[in-house]
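Biologist: Hi! Could you walk me through the pockets in this model?
Modeller: Happy to, let's have a look together.

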Amino acid sequence: MIQPIDYYAVAPPLILALTAGLVLLLDVFLPRAPYARPLLGIVTLAGVTGALAVVISQAVRAAGPLRTFCVPPGLPGSAAPGPGAPFPVTAPETGAAPPCSFVVDGFTLVFAGLALAAGIIVVLLSMTELSFGDIPAGEWHFLLLCTLTGAVALPASRDLVMLVVALELASLPVFALTALRRYDGRGSEAAVKLFLVSVVSTAVMLFGISLLYGLTGTVYLERLARVPHAVPGAAAGAVSGSGVGTAGPAAVTAGGVDGAYASSLQIGHDLPPVLAVAAVLVLAGFAFKVAAVPFHAWAGDVYEGAPIPVAALLSVVSKAAGFAGLILILVGGLRNLAPVWAPLVAVVAALTMTAGNLLALRRRRAVRLLAWSSVAQSGYILAPLAVRDERAMNASVAYLAFYAAMNLGAFAVVMLAARRGESGELDGYRGFAARSRIAGPALAFFLICLAGLPPGLAGLFAKIVVFRELVGGGPGWLAAVMAVNTVIGLYYYVAWVVRIFTPAPVPAATTTPAPAEAPAMAAVPAPAPGVAGTTPEAVPVAPGAAYAAAGDRTGQVAAGVAIALAAVVAVLFSVAPQTVFVLLPETLITIG
């Protein structure tokens with residue numbers, strides 16, 4: 001039986017994958033000329049922009065969700081999970097569509113659009129990073145496109161297998177990107193740390209997913225969403241105190257569960273301990289990906305050791321992919337197990353925002369401060385998921401959109417400042433507004449937005465949205481923790497802004513008096529007849545110097561465009577913050 005494929009539904013990741021292959025081919029066959037690196041960047045930018053255009057076209061269409069990679073009707077298992085699962089899954093409604101592995105709905109479009117819009121800025125920053133020629137451009141753009149392919153495919157995944165594959169596709173290329181800068185020991189160390197952390201997180205998550213499949217007999221999220229909170233018709237007896245009893249067909253029928261969806265083994269507790277462990281393991285696996293406490297220790301070293309575009313990629317695109325998978329699993333697949341994971345998410349969110357802000361207080365380097373600030377922002381994004389309300393995830397998605405524009409803009413300015421020779425220390429930014437009359441105020445505006453102070457109303461509105469959800473239906477203590485952490489975050493953001501506008505200290509002038517017989521100005525000897533190279537104009541230029549100068553100009557322009565794009569979005573969100581909720585559909589996730 002042939003499974004039909006909707007190529008329009010899979011067009012965005014398909015475009016990115018094809019562009020990645022094209023970049024590799026161009027890198028092989030293009031001559032090593034000055035135009036090769038910018039051309040590869042332009043091709044990558046065109047592919048990401050084309051994928052974003054397809055996502056926009058999918059969003060404006062009036063029809064329902066797009067589905068593909070569905071179980072063909074009539075195939076065994078298309079209507080029900082396989083028998084033998086110890087924990088039953090209730091039967092679907094009569095005439096329900098077969099489960100699908102790839103669904104393009106509002107949730108998919110929001111996260112795919114966010115990843116691709118952020119990807120455009122990351123590509124521009126990559127062109128700046130690659131302008132000096134110490135990183136292989138073809139491999140860089142290929143790996144970046146592979147990461148974006150996984151980030152776009154992940155929110156459309158509706159089964160556990162595809163979810164893991166897409167998540168790893170979004171994660172694995174980042175290791176190589178981190179270590180792609182040659183002869184950089186810090187980059188290699190950061191790549192090893194990121195690799196080890198990701199391997200452990202994947203192993204933990206796969207263990208939890210294997211338990212889910214073993215207990216329910218299905219990998220599809222829409223079937224996991226039908227896992228009941230209490231097992232109907234379970235016998236009161238337990239076998240050897242394990243909490244697992246037996247129930248005959250009569251008990252199952254009385255409970256209203258079709259025999260095709262249940263086995264003779266029933267769990268006598270309202271909530272099976274093994275199922276709770278599976279949910280906790282899956283949450284822990286995704287907590288690694290989003291740098292949530294207690295799995296956050298890698299963030300500072302990795303962000304600072306990686307090239308700045310990779311740090312921006314980790315802080316926005318990888319984080320968005322991790323939260324997309326987490327929301328799909330918890331809200332989409334395990335919604336009936338909210339009594340287990342919602343309190344745990346609340347505790348993790350409180351610890352994450354607190355640890356991130358406290359660690360950022362003592363940082364003296366710009367990228368490391370942004371790294372720990374990113375950890376704190378993960379706590380704010382996690383907080384609405386503890387409300388146990390599907391509408392609360394809109395607050396998480398909205399905060400993620402606000403955060404992406406502000407954080408990408410800050411990384412773009414930091415990169416431009418590094419290319420201009422600015423120190424990476426916070427004290428090195430003293431007088432930055434005077435030295436760079438556009439980039440300095442832009443960085444101050446992005447930091448003010450992250451702090452949530454006027455005129456950066458985007459950050460303020462994002463925090464109000466999350467705070468409103470917590471006060472309205474979530475744990476009140478978590479709202480109090482968030483309020484305290486917001487005040488803590490003000491300190492290091494405002495302290496950095498103050499440095500930007502503070503005049504730089506003028507070093508004391510040290511003058512050495514010239515000898516009396518020394519002339520005021522040394523004369524430049526005239527060149528001897530027929531001898532060349534004695535004047536400055538005649539000094540030969542080293543091979544590649546012109547290419548380096550041209551590459552530096554290209555990098556400056558690319559970074560400037562990235563800053564401008566991020567600033568436009570941040571200003572739009574500050575002037576009309578409701579724009580984010582206009583873009584969010586009423587129903588995000590399509591399950592069932």
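**Pockets and their linings**

Modeller: Let's start with the second largest pocket: α10 (298-305), α13 (366-382) and α14 each supply at least two residues of its lining. Keep in mind that this is a predicted model.

Biologist: Thanks! Which element gives the largest share of that lining?
Modeller: That's α14, with four residues in the lining of the second largest pocket.

Biologist: And which residues lie nearest the centre of the second largest pocket?
Modeller: Arg181, Arg186, Ile308, Val367 and Ala418, out of a lining of 21 residues.

Biologist: Nice. How do the residues of that lining divide into nonpolar, polar and charged?
Modeller: For the second largest pocket, there are 11 nonpolar, two polar and eight charged residues. Its volume is about 390 Å³.

Biologist: OK, switching over: what volume does the largest pocket have?
Modeller: About 1100 Å³. The elements giving two or more residues to its lining are α2 (36-60), α3 (106-129), α14 (393-419), α19 (545-575) and α20 (579-583).

Biologist: Which of them gives the most?
Modeller: α3 does, with nine residues in the lining of the largest pocket.

Biologist: How many residues line the largest pocket, and which lie nearest its centre?
Modeller: There are 40 lining residues, and Leu109, Val110, Gly113, Leu114 and Leu583 lie nearest the centre.

Biologist: Last one: how many residues of that lining are charged?
Modeller: Two, alongside 31 nonpolar and seven polar residues in the lining of the largest pocket.

How values were computed: Residues numbered from 1 in each chain as written. Predicted model: local features only at pLDDT ≥ 70, side-chain atom pairs only at ≥ 80, totals over all residues. Heavy atoms only, no water. 1 Å grid on protein atoms, 1.4 Å probe; cavity = no way out; pocket = protein on both sides within 12 Å on 5 of 7 lines; lining within 4 Å. Points joined across faces, edges and corners; volume = space filled by probe spheres on them. Nonpolar A, V, L, I, M, F, W, Y, C, P; charged D, E, K, R; others polar.
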